[in-house]
Amino acid sequence: YIEDLRKQVKKALKEDKMRYRHTLGVADTSACLAMRYGVDMQKAYIAGLLHDCAKCVPDTVKLEECNRYGIEVTEFEKNSLYLLHAKLGAYYAKELYHIEDASICSAIYWHTTGHAGMTKLEEIVYIADYIEPYRNHAQNLDTIRQLAFTDLEKAIYQVTKDTLAYLKKKGGSIDPATIQTYEYYQKLVEKG
Ligand code: DGI
Ligand code: FE
Ligand code: FE
Ligand code: FE
């Protein structure tokens with residue numbers, strides 16, 4: 001079953017080798033984090049495998065499909081259409097990949113922005129996306145990789161902080177969910 005799922009995802013990613021490699025990295029890393037935090041490993045692996053399944057859909061098609069399938073599109077998302085790959089991916093997971101488990105779909109749904117008070121599985125996929133072994137772009141990666149396995153909330157705080165700084169520098173519009181994630185995990189970390 002998993003092998004089938006992998007093949008389907010590979011196809012959905014248009015045989016983009018880097019994207020597929022990233023996807024397998026996120027699936028494996030999610031499974032490792034699940035072992036660490038006592039989350040269902042199978043679910044974490046599947047969520048990781050499917051998290052970017054809508055990534056290679058052209059932006060205009062993302063918007064069309066969200067409208068067609070009744071997926072809410074905010075003003076922020078209209079300005080940064082690539083954000084929709086998370087929501088659309090969650091929809092695909094259910095409708096195309098027949099994932100009945102809502103906790104898996106919601107980990108996919110929130111994997112780009114995060115949200116305040118994520119479930120463990122959501123946290124795991126969010127962080128796995130950032131630290132998987134083939135990712136190399138971000139600063140503080142060594143620290144964050146270690147933190148992910150020692151203090152998950154601190155790791156998320158650091159990732160949201162770095163992401164906000166990156167978006168501000170780049171001048172990208174910032175989704176309210178991204179700010180809420182940052183503020184929520186900042187409070188958690190400060191409380192100790
Ligand atoms: O799909 P991936 O590239 O594997 O990873 P992702 O879905 O986490 O997307 C990462 C990108 O999303 C990264 O460049 C930061 C950006 N991002 C995260 N939050 C926001 C955001 N971009 C905008 N415009 N607004 C946000 O709030
Ligand atoms: Fe993504
Ligand atoms: Fe991410
Ligand atoms: Fe990703």
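Two residues are in contact if their C-beta atoms, placed from the backbone, lie within 7 Å. The structure is a predicted model, in which local features need pLDDT of at least 70 and side-chain atom pairs count only at pLDDT 80 or more, whereas totals for chains, interfaces and linings use all residues. Residues are numbered from 1 along each chain as its sequence is written, and chains are lettered from A and ligands numbered from 1 in the order in which they are written.

View 1. L84 lies in helix α6, which spans residues 84–95; helices here are DSSP runs of H or I with at least four residues, strands are runs of E with at least two, and both are numbered from the N terminus. Leaving aside neighbours within four places in sequence, L84 is in contact with K62, L63, C66, V73 and E77. L84 counts as buried because 24 other C-beta atoms lie within 10 Å, the cut-offs being 20 or more for buried, 12 or fewer for exposed, and partly exposed in between. K55, although 29 residues away from L84 in sequence, is 8.6 Å from L84 in space, C-alpha to C-alpha.

**View 2. The largest nonpolar core.** A nonpolar core is a set of buried Ala, Val, Leu, Ile, Met, Phe, Trp, Tyr and Cys residues joined through C-beta atoms within 7 Å. The largest such core has 53 residues, of which A44, A47, L50, A93, I108, I124 and I127 touch the most other members. Helix α8, residues 120–131, gives the most to this core, with eight residues. If residues up to four places away in sequence are not counted, I127 touches L33, A148, L152, A155, I156 and V159.

**View 3. The shell around ligand 1.** Ligand 1 is surrounded by 17 residues, the closest being S80, T112, G172, D175 and T178; a residue is included if its C-beta atom, placed from the backbone, lies within 6 Å of the molecule. By class, this shell holds four nonpolar, nine polar and four charged residues, where Asp, Glu, Lys and Arg count as charged, Ala, Val, Leu, Ile, Met, Phe, Trp, Tyr, Cys and Pro as nonpolar, and the others, Gly among them, as polar.

**View 4. The annotated stretch within the chain.** An unreviewed UniProt entry carries the annotation "domain: HD" for residues 19–134, and such annotations may be inferred rather than shown by experiment. Over residues 19–134 the chain is 66% helix and 0% strand, with the end C-alpha atoms 10 Å apart. The chain has eleven helices and zero strands, and 42% of its 192 residues count as buried.
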